[in-house]
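Please open the model in your viewer and keep the selection tool ready. The stops below go from one selection to the next.

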Amino acid sequence: MSDTTQFRVLDFDCPTCASTVERALSNVDGVQHVEVHYATGRVEIEYDDSVTDPDAFAETIENQGYTPQPA
Amino acid sequence: MNKQSITQYYRNHRKAIVTATSGLLYGGGWSLGYLTSFEMASAAILVLATVVGGYDIAKTAYHEVTNRTLGIKTLVTLAAIGAIVIGEYWEAAAVVFLFSLGSYLEGRTMRKTRTALQELLEMTPDTATVRRDGTLQKVSARDVEEGEVVVVKPGGKIPVDGTVVDGESAVNQAPVTGESAPVHKADSDEVYAGTVNQEGALEIRTTGAGSDTTLERIIRRVEEAQEAQSPTESLIDRFAKYYTPAVIALAIGAYAVTQNAILSLTLLVIGCPGALVIGPPVSIVSAIGNAARSGVLMKGGEHLERAGKIDLVAFDKTGTLTKGETTVSGIEGFGVAAADVLSLAATAEKKSEHHLADAIVDMARERQTAATDGGATVAQADDTDVGRRSVPDPDDFDVVAGKGVIAHADGQEVVVGNRALLDDRDVDVPDRVADYVREREGRGETVVHVVRDGDIIGAIAMRDELREAAPGVVAALQDAGIETVMLTGDNERTAAAVAEEVGIDEYRAELLPEDKQSVIEGYQADGHVVAMVGDGINDAPSLATADVGIAMGAAGTDTAIETADMALMADDLERIPYAVKLSKATRWNVLENVGLAVLTVTVLLAGVLTSYVTLASGMLVHEASVLLVILNGMRLLRY
């Protein structure tokens, strides 16, 4: 089943950083759609919950050097 | 501090700690090299400073490369490695340290912009006291079901959207509507989650809880607005896509020609259009956030940029410049008792939904109630249904749009309408009727004639009071160099009187709803950028036609928010000059930021090509310009 989750990343320090995170998240297995907004720090992910879960997304964001917060 | 809390502290402040450490090492390495002759030691410390400060940058750069995006972190990493390879340890450490410091400060300031809206969300309490199974229970505000009754004590925050079922109070609605004055709430009034109950206890029947409240909806819309790209932003993004690769090509080309490694590396550092891409979004997010906190919802950067060019504001008269509460101010009978004129007109108008019809029917109802009150039994005729029932139904009834109604009752034909309708039907208008009408219209009132079987038997004058704020708002817009126009369906004389009272520049009278649209198109054809202010429901077509449609009193009405480019949550006309000025300030702010960024890049490029600017100073100027545009944009948060 498809599900949607949100994070808030307050420490993006450049617009490219946001698009890098967006690309990284969209490469995670089971992710169907990702939007990362530099201006508001909002991350929205649509995913298949039989394949992956929000913890994996949080880890991906952390690996890129940013701090995800639940929204 | 135990080990765990140290780890936690490090995690939370990693960027600050890394930056500070790299800064200290950089300072130490530089002093050692400058003051002593321990050159090897100095170089080692500077390389260490580069590694400490550069580790996180390089890690992100690695992700940038593997994800095929080209960002500044890749460029900085290349520059730092390049500098170390050619033995410029000082430059390498300086670039890394300055970049870390800059991005740390950028992250911190952007966080302020990003959290500006969250303060609004924090207004909603987490728990609610609900009447369940005959007792009061404290539950999570998200778990309140629609239809349940919530009790809010004086001084408490209201946890849900709903209607008052018991109690009376003053409620501060500032978080939702931006109004500073509390609003009186009693039986069947609507209240919003996040607002503050100031005086008496209220019992509220829930209509929405959790994420289904007006405040949550507003905030979601505000975020969508902040995320929507303005035309300037998309232009810059398209430019940036080519700019960075172009600078890299230039760096490679420059090295091929000059064999000057420092020059090419410096080109890499300034190759990220930093301030240019960051400036406009910061200005727009700050402005939209500021507006939201003042009860003005801006739909997005595109609308904001357009609003910054407004040079003409058109107001719908009824309900916008006026309070929209039309009341009967005079009844004149011509050969017939005034009371009969009123009751006949009320019967004819009973089925009409026009606001003038409502005023006449209400007045007739009131008169009847007053008459019954005089007797021994007091009629409980307060309820609208009862009141409407006391006015007899017409046998049939037809609306003539923009003119009036034609009805039949008790075998009589009753026409209630304006002069145009009378002329259509060849009704003779005696001088004393015309005089009465002229005199009333000269005071800004609207008059309808009452005709029974072809003869004028009376006239009813009605008045819609101006909002107290209207003249001040018009004056404030005029001071800002903006033309003001009033659009109304009223006739010429009434419109002229109201226009003079408000002090508006121009008015257009006798307009049918669809005419308002063509009037706006006319102004646009004359080269004006037009804002239209209306209620968002009846005026939806003209709001959509205008360059910027501004809907008033939009809290709770989703249609108004949909059609408008800007929505005032409260019926607060005074927000309009604020919103227009904020838009203009935003437009300037975006231009300032773009200007500053272009200037910086030009100066840097020129400086690099003439060898005045090296790695460290290039980075310093680059980071300073980024911080400067962020701080400039953030001024709009406090506008």
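What follows is a tour of the two chains, stop by stop.

This is a predicted model, in which local features need pLDDT of at least 70, side-chain atom pairs count only at pLDDT 80 or more, and totals for chains, interfaces and linings use all residues. Residues are numbered from 1 along each chain as its sequence is written, while chains are lettered from A and ligands numbered from 1 in the order in which they are written.

**Stop 1: chain A**

Select residues 3-69 of chain A, which UniProt lists as "domain: HMA" in an unreviewed entry. UniProt positions are given here in the numbering of this model, with shortened feature names, and annotations may be inferred rather than shown by experiment. The span is 33% helix and 33% strand, and its end C-alpha atoms lie 18 Å apart. Helices (H or I, at least four residues) and strands (E, at least two) are DSSP runs, numbered from the N terminus.

**Stop 2: where chain A meets chain B**

Show both chains: 20 residues of chain A are in contact with 23 residues of chain B. Contact means that the C-beta atoms of two residues, placed from the backbone, lie within 7 Å. On the chain A side, helix 1 (residues 15-26) gives the largest share, 7 residues. That side of chain A divides into 8 nonpolar, 8 polar and 4 charged residues. Here Ala, Val, Leu, Ile, Met, Phe, Trp, Tyr, Cys and Pro count as nonpolar, Asp, Glu, Lys and Arg as charged, and the others, Gly among them, as polar.

A residue is buried if 20 or more other C-beta atoms lie within 10 Å of its own, exposed if 12 or fewer, and partly exposed in between, with C-beta atoms placed from the backbone.

**Stop 3: chain B as a whole**

Chain B has 25 helices and 22 strands. Its radius of gyration is 34 Å, well over the 26 Å that the globule rule gives for 639 residues, so chain B is more spread out than a compact globule. The radius is taken over C-alpha atoms, and the rule is 2.2 Å times the number of residues to the power 0.38. Along its principal axes the C-alpha trace of chain B spans about 115 × 65 × 35 Å. Of the 639 residues of chain B, 49% count as buried.

**Stop 4: annotated spans of chain B**

Which residues does the UniProt annotation "transmembrane region" cover in chain B? The unreviewed entry gives 16-35, 92-107, 239-257, 263-289 and 590-613. Residues 16-35 of chain B are 100% helix, with end C-alpha atoms 28 Å apart. Residues 92-107 of chain B are also 100% helix, and their end C-alpha atoms are 22 Å apart.

Next select residues 122-223 of chain B, where UniProt places "domain: P-type ATPase A" (unreviewed entry). This span is 14% helix and 40% strand.

**Stop 5: a loop residue**

Finish at B:Phe38, in the loop between helix 2 (14-35) and helix 3 of chain B. Is B:Phe38 buried or exposed? With 12 C-beta neighbours inside 10 Å, B:Phe38 counts as exposed. The C-alpha atoms of B:Phe38 and B:Asp212 are separated by 68 Å.
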